[in-house]
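Keep the picture open while you read.

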Amino acid sequence: MNNFEYCNSTRLVFGKGEEDRIGDLLRKKLPAGSKVLVVFGGGTVKRTGLLAKVEQSLAKADLQSVTLGGVTPNPQLCFVQKGIELARQQAVAAVLAVGGGSVIDASKAIAIGVPYEGDVWDFFIQKAAPEKALPVACILTLPAAGSEQSIRIVLSDKDRKLGTGTPIVRPFVSVIDPEIFYTLPKKQIRAGVIDMMSHIMERYFTQTKGTDFIDGQAEAAMRSIMKNGLKLIKNHKNYDAWCQIGLAGSFAHNGYYGLGQVEDWACHGMEHELSAWDTTITHGEGLAVVTPAWMHYVWKDNPERFIQFACNVMSVKPHGSTKKTVMAGIKALKKFYAKIGAPKNLKELKADGISAKELAVKACQLNGKLGNFKVLHEDDIEQIYKLMR
Ligand code: NZQ
Ligand code: ZN
């Protein structure tokens with residue numbers, strides 16, 4: 001295991017009706033009368049009445065709401081730039097995201113953009129590193145991206161989708177009420193389940209030795225996500241299952257499962273190119289296509305880790321030869337994805353028009369490579385995209 005330092009500063013407030021406390025939770029940080037930028041997406045939170053509840057709670061706590069709706073899935077730079085303008089004009093003291101990963105990421109980007117003199121995109125193209133941010137808070141409406149506890153922000157501009165990360169954007173408070181998830185369509189339930197599984201896998205597939213403690217936690221978490229994900233596909237109002245998934249999604253990406261080990265993130269890098277190529281592609285569904293292809297390409301670089309995954313996560317019995325056991329593990333993962341209705345290939349993702357070469361070039365544009373389990377260069381990435389057909 002490698003040396004590490006870990007500090008997770010997010011106060012997590014979990015359970016039925018806890019969103020009613022958001023005003024008081026923010027007032028612990030902000031003086032009376034402060035303005036809060038309340039960011040939301042395409043209107044779900046208006047229809048469900050959550051936004052009105054949030055505004056009431058803020059008003060009761062002597063805070064003023066400045067609302068900003070319209071964040072799209074795969075949030076866009078132009079929206080964030082407008083949000084930064086508004087936040088400056090209104091002199092808001094904090095940003096409150098009410099939504100899923102896209103809304104939280106747009107809110108985080110606004111939070112680092114407000115005190116910065118240059119263009120916020122500078123942080124994503126690695127031209128600058130954020131040093132200051134407005135405080136960010138969050139009410140989660142979709143367990144998936146894990147942004148409610150993560151230090152990451154993912155933003156798109158035209159055909160580029162890039163990420164940046166800094167502990168200063170980790171929300172200081174996040175509220176998770178599993179009942180808010182009841183309105184999610186199946187597509188978002190499965191995309192969320194796949195995404196949180198992937199956040200653990202991106203860390204679990206490591207070449208770092210001596211990770212037994214975290215491995216065991218990660219394996220148990222992945223089994224639980226699959227079990228409860230299946231329950232939710234059958235009954236989207238299963239409160240206990242939502243509790244497990246809400247908790248898992250939030251912890252999957254707060255850094256815990258990567259303690260002391262080198263993380264990978266090649267699958268996310270390749271998926272981000274797909275959802276940048278077509279912004280209607282849902283991140284989690286893209287990962288369902290990318291991940292098995294990546295596994296087929298890299299397993300030989302550490303077959304023992306893939307056997308461990310097959311046996312401890314996918315409940316495969318060793319098949320005699322290493323290759324057979326590894327393949328059985330990958331097959332079982334694909335079977336799980338199929339069971340929850342995920343796309344199996346680029347065609348089902350409606351992305352068969354991509355140029356594997358073009359996407360591989362873009363994936364390497366910033367750092368010249370992706371991943372660490374096996375370091376992937378343009379040619380490797382092109383081959384992996386071809387395996388997704
Ligand atoms: O826009 P609204 O009306 O809110 O509808 C949303 C949206 O259409 C809907 N939705 C959200 N909560 C709902 C609901 N519908 C019914 N009931 C509810 N309770 O779901 C749709 C998708 O929302 P979105 O926020 O885009 O989904 P998700 O949470 O999966 O976020 C995806 C984004 O997060 C990024 C992804 O790349 C993508 O841009 N990621 C961010 C990460 C991070 N910051 O740490 C890590 C992840 O790996 C990921 O890359
Ligand atoms: Zn993800």
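This is a predicted model: local features need pLDDT of at least 70, side-chain atom pairs count only at pLDDT 80 or more; totals for chains, interfaces and linings use all residues.

Have a look at Asp195 and His199. They are four residues apart in helix α6, so about one helical turn separates them. Are Asp195 and His199 buried or exposed? Both of them are buried.

**Helix α11 and its buried side**

Next, find helix α11, which runs over residues 303-312. Its buried residues are Pro303, Arg305, Phe306, Phe309 and Ala310. Because they cover an arc of only 160° around the axis, they end up on the same side of α11. What do these buried residues pack against? Their neighbours are four other helices: α6 (186-204), α7 (212-234), α10 (283-298) and α12 (322-339). So α6 turns up again here, since Asp195 and His199 are in that helix too.

**Charged pairs**

Side chains of opposite charge can pair when their charged atoms come close. This structure holds 13 salt bridges. Here are three of them, with the gap between the nitrogen and oxygen atoms:

| Salt bridge | N to O distance |
|---|---|
| Arg305 and Asp215 | 2.5 Å |
| Lys127 and Asp122 | 3.9 Å |
| Glu382 and Lys357 | 3.9 Å |

Arg305 is one of the buried residues of α11, and its salt bridge is with Asp215. This pair links distant parts of the chain, with Arg305 in helix α11 and Asp215 in helix α7, 90 residues apart. Arg305 has a relative accessible area of 7%, so it is buried. Asp215 counts as buried too, at 6% relative accessibility.

Now for Glu382 and Lys357, whose side chains meet in a salt bridge. Glu382 lies in helix α14 (residues 378-387) and Lys357 in helix α13 (residues 356-363), so the pair ties together parts that are 25 residues apart in sequence. Glu382 is buried, with a relative accessible area of 13%, whereas Lys357 counts as partly exposed at 42%. There is also a network to look for: salt bridges with shared partners join Lys187, Arg190 and Glu285 together.

**Out at the surface**

Where is there a nonpolar patch? Met1, Phe4 and Tyr6 form one on the surface, and together they have about 290 Å² of accessible area. Met1 belongs to the segment before β1 (11-14) and is partly exposed, with a relative accessible area of 47%.

One last stop is Glu85, in helix α4 (residues 77-90). Glu85 is partly exposed, at 43% relative accessible area. Glu85 and Gly113 are 28 residues apart in sequence, and their C-alpha atoms are 9.3 Å apart in space.

Conventions. Residues are numbered from 1 along each chain as its sequence is written. Chains are lettered from A and ligands numbered from 1 in the order in which they are written. Side-chain values use heavy atoms; hydrogens and water are left out. Buried means under 20% relative accessible area, exposed over 50%, partly exposed in between (1.4 Å probe, protein chains only). Helices (H or I, at least four residues) and strands (E, at least two) are DSSP runs, numbered from the N terminus. The arc is that of the directions from the helix axis to the C-beta atoms. Contact means heavy atoms within 4.5 Å. Patches are made of residues with over 30% relative accessible area and no salt bridge: like charges are joined within 9 Å, nonpolar side chains (Val, Leu, Ile, Met, Phe, Trp, Tyr) within 5 Å. Accessible areas come from the Shrake-Rupley method with a 1.4 Å probe; for residues, only the protein chains shown count as cover. A salt bridge is a side-chain nitrogen of Lys or Arg within 4 Å of a carboxyl oxygen of Asp or Glu.
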